[in-house]
Amino acid sequence: MIKLYLLVRRCLTVALIFGALTSFAQQAVTGKVTAADDGSGIPGVNVLEKGTSNGTVTDSDGNFRINVGANATLVFSFVGYAAQEVTVGGQSILNVALQSDVTALSEVVVVGYGSQDKKEITGSVVALSADQFNRGNVNDPRQLLQGKVPGLSIYNRGGNPNSSATFRLRGISTIGSNSQPLIVIDGVLGASLDNVDPNDIESINVLKDGSAAAIYGSRGSAGVILVTTKRGSKGKATVDYNGYVAADQVSRRQPVMTASEYVAAGGNDLGSVTDWQDEVTQTGISNVHNLAIASGTQSTSFRASLNYRNVNGILRKSGFDQVNVRANLSHSAFDNKLKFDFGFSSTDRRSDFSFNEALRYAVLFNPTAPVRFPNGDFYQAILFDNFNPVAILEQNIADGKRKTINYSARVDYSVLENLTLTANFARQFENNFNGTYFSRNSFFVGLNRKGLARRFTSESDFTLFEGWGTYQKEFGKINLDVTAGYSFQQDNYEEIFIEAGGFQNDQLGYNQLEQASDFTLGGTRPNVSSIQSPDNRIIAFFGRANLTFDKGIYFNASVRREGSTKLGENNQWGVFPAFGLGVDIAKYVEIPNVNLLKFRAGFGVTGSLPTASGLAQDLYTFNRNNYTTNFARNANPDLKWEQKEETNIGIDFGIGGKLTGSVDFFVRNIKDFILERDVDVAVFVSGRRFENVGALRAKGLEVALNYNAVNIGQVKWNPGVVLSTNSTELTEFFNTRFITGNFGSPGQNGTPFNLVEVGKKLGTIWGPVFDRVQIDGINGKVVFKDLNGDGVIKGDASQALLADADFKELGKAFPTMEIGWTNQLNYKNWDLNVFFRGAFGHSLINQFRGFYEPLDPGAINSYNRVITSKAVAGLTEAKYSSLYVEKADFLKLDNITLGYRLNLPNSNSFRNVRFYTTVQNAFVLTKYTGIDPEPVFGDPEDNNNPLITGVDRRNTYFFARTFTIGVNVGF
């Protein structure tokens, strides 16, 4: 921290001296920016000296002051208004009236291998700039988009700082392959989003439909996220500092018995009063600092940034320290015919993972037990699946480190006036290390093994080379833009894992493997595994044509032919075509009060690749106990891509100069999942192989609405709403009807809870219906409802698929509607952003209640009890049923940010100073009794399997409320 402080101080001193020296050659310009429709001053307008990074913003009344060079041109821009350029000349006073521009037709949007005017786009594309991102303590770039893009679901249940948010674009896009959208950072396909600090992101564009994503072929099935990082511009040097301090506090806890309630219920009184949930949690204090320096000459510009994050979660010993460095350099020559861009980024993260199990056992452990015995040793009773949660955190170690480096170089050369050739080269390297050690004294895992150590190391890298040409030409009323190119990408991966036990002491933790006396842990061979992938290669040829007629009719077509070494030798190549059509109806039909009405339609084919390598080859496994090999899986030379065909129909509109919006309807047909299945042993000796099986059909509706500048006195209010609904139906599968999932132990292993059936929607929560309690002595047994009225209750798991079983759909795991509601308010120098987010129609299985709510007289001495208003009197038997499936609709005040910008009319050193405070997860409205009502798209205990959904597991990280105070300073 001392080194960081010295670096910041030196950079600020340089900036002050530089500003003082350059101010003598500049002239001061003052003025006021108003709205052309009513003459009111507009606060927060960006005022930028064209071709430089020198700028300021207007104050609460629309006034500004800026020092500019000779022959300067000022650019005035603000959301909802048309940008305006004004030549200063010799003027010292400059007043500007901005025209309302709800259509934003001049906006340029980044798409695959280029950019387009927003008006020309025929697919479903959403573009967000930095001022539209979520604010506050955001450590994962994915969270910048949460609730902002219709159809894009982003959830990080509980908010563990060491876990990444889950992406789902337009629902479930696959069962067997990669379900995450493709990430493209500054034109580099597959670059790590974890190697980008949120402060360095300029804009994010989301390609949602097949026609927009097909140019990326095999990796566009789950959508594409295009990230553009900030760059320098021509002009004097600028220094920007952004810093904040955040405090995370537990917002929702599991409701359990107090010590007195526990004793009154018959629990074993050990003489203490301990709030275990309080013992394992903390107020997590985080510090974030970002320092960026940018400058440029007529031909060269650069931007460099240093980002430091010290983040602590609400679970003790959870968090990370991270240092990120990013640099972008641009240079042009030969009258701008040759352009060169270089980018570099490095991230070094050191994490404390802690143990989420401590949160689970903090709910269960006896509330009258002490944390320690009088001699200082941790208290621990010898019970099944019940451990002192504080001891778990204090006795054991779980940490890791990750280093990611990437660099890219791009060259554009204008061979002819209308022809540009581009070459793009990039590399990325990532190293991971995770170490875990369980103490010799830890009842949790380590005790019976005299200590247990685990070390895991992995390395990955990829190389990307792409080259393409772009030809642009105007033929009368026709504008033509054609792109054709080649793409090569290779990635490699290797890992090693070793586990050993039997140590003399705990002093060296996982760094004492050579001292282990037991490498076998019950077997006759060390528990060691390693993986090395082959050279995984993707080669592609692609082309695209954009045609505009009469500046009102737009046509787009693309095709990509791509081959991958991950597939069978007979089916390594695939073709992914797309086309789209758009018509600006308002240009040809005059409709009163309607200034924008564009119809667009698109169709595209995209693919999906498996994450693992070698699925199309024979697989042999090694038995480390008897030194034998087994033929585990047959090769499949015909294994091919998963394929998605998508049709999207949309309308963009603007009404009355204030209201803008879009509506999209889509249908997806996804087929040929890459799944391992049982096969005929008479044909395939192993009885197993990967095949292309199954199909899904998804459809949905997405709406975005924005209203520009509702004036309430001097307050300007800009509201915006996005909402989406979608569903996914299984239309084909090798097993037409089956149940899956496992409720778990104690006592409920082998209890499934999801029904998967051809012809039904995915995410069906399935089970028996609770009817009543049957008293048998001191026990209260569960009686299920006789749903078919045949007098025989068939509610056991083994009977779930019988035609006359007493099972039914108990809920849906996926929301039927998701909504985000943004409110931006400005008053003089104050700005207020209020963002609500909600999801409706989904249910969750509350696993804590399903195990620990029934008041079992035999178990009360072992476990504390969960208490909710849904508890049934007299029930002592823990058995999965409809009783534990809860509606989980919620509406959150997700983010509220209040900022104040200082007036700096006479300052030559400061460009802007803004203070702000943010509250995240301010409140949540829900009837769900568990920790977090957000949906579960895949089981975290089964590799996020998308067929196992809707279960709120017991290791869920506690829900946090975050308070942030920060400052933005520009020099």
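**Close-up 1. Glu 676 and Arg 688.** Glu 676 is partly exposed at a relative accessible area of 31% (buried means under 20%, exposed over 50%, partly exposed in between; 1.4 Å probe, protein chains only). Its salt-bridge partner is Arg 688, with the closest N and O atoms 3.7 Å apart (a side-chain nitrogen of Lys or Arg within 4 Å of a carboxyl oxygen of Asp or Glu). The pair links strand β34 to strand β35 (residues 688–707), twelve residues apart (strands are DSSP runs of E, at least two residues; helices are runs of H or I, at least four; both are numbered from the N terminus). Arg 688 is partly exposed at 27%. The model is predicted: local features need pLDDT of at least 70 and side-chain atom pairs pLDDT 80 or more, while totals for chains, interfaces and linings use all residues. Residues are numbered from 1 along each chain as its sequence is written, and side-chain values use heavy atoms, without hydrogens and water.

**Close-up 2. Asp 672 and Lys 640.** A salt bridge joins these side chains (3.6 Å, N to O). Asp 672 lies in strand β34 (residues 659–678), and Lys 640 in the loop between β32 (628–633) and β33 (642–655). Asp 672 is buried at 15%, whereas Lys 640 is partly exposed at 33%.

**Close-up 3. Glu 394 and Lys 317.** The closest N and O atoms of this salt bridge are 3.7 Å apart. Glu 394 belongs to helix α6 (residues 389–395) and Lys 317 to the loop between β19 (300–312) and β20 (319–333), 77 residues apart.

**Close-up 4. A salt-bridge network.** Arg 170, Lys 208, Lys 644, Glu 646, Arg 668 and Glu 702 are linked by salt bridges.
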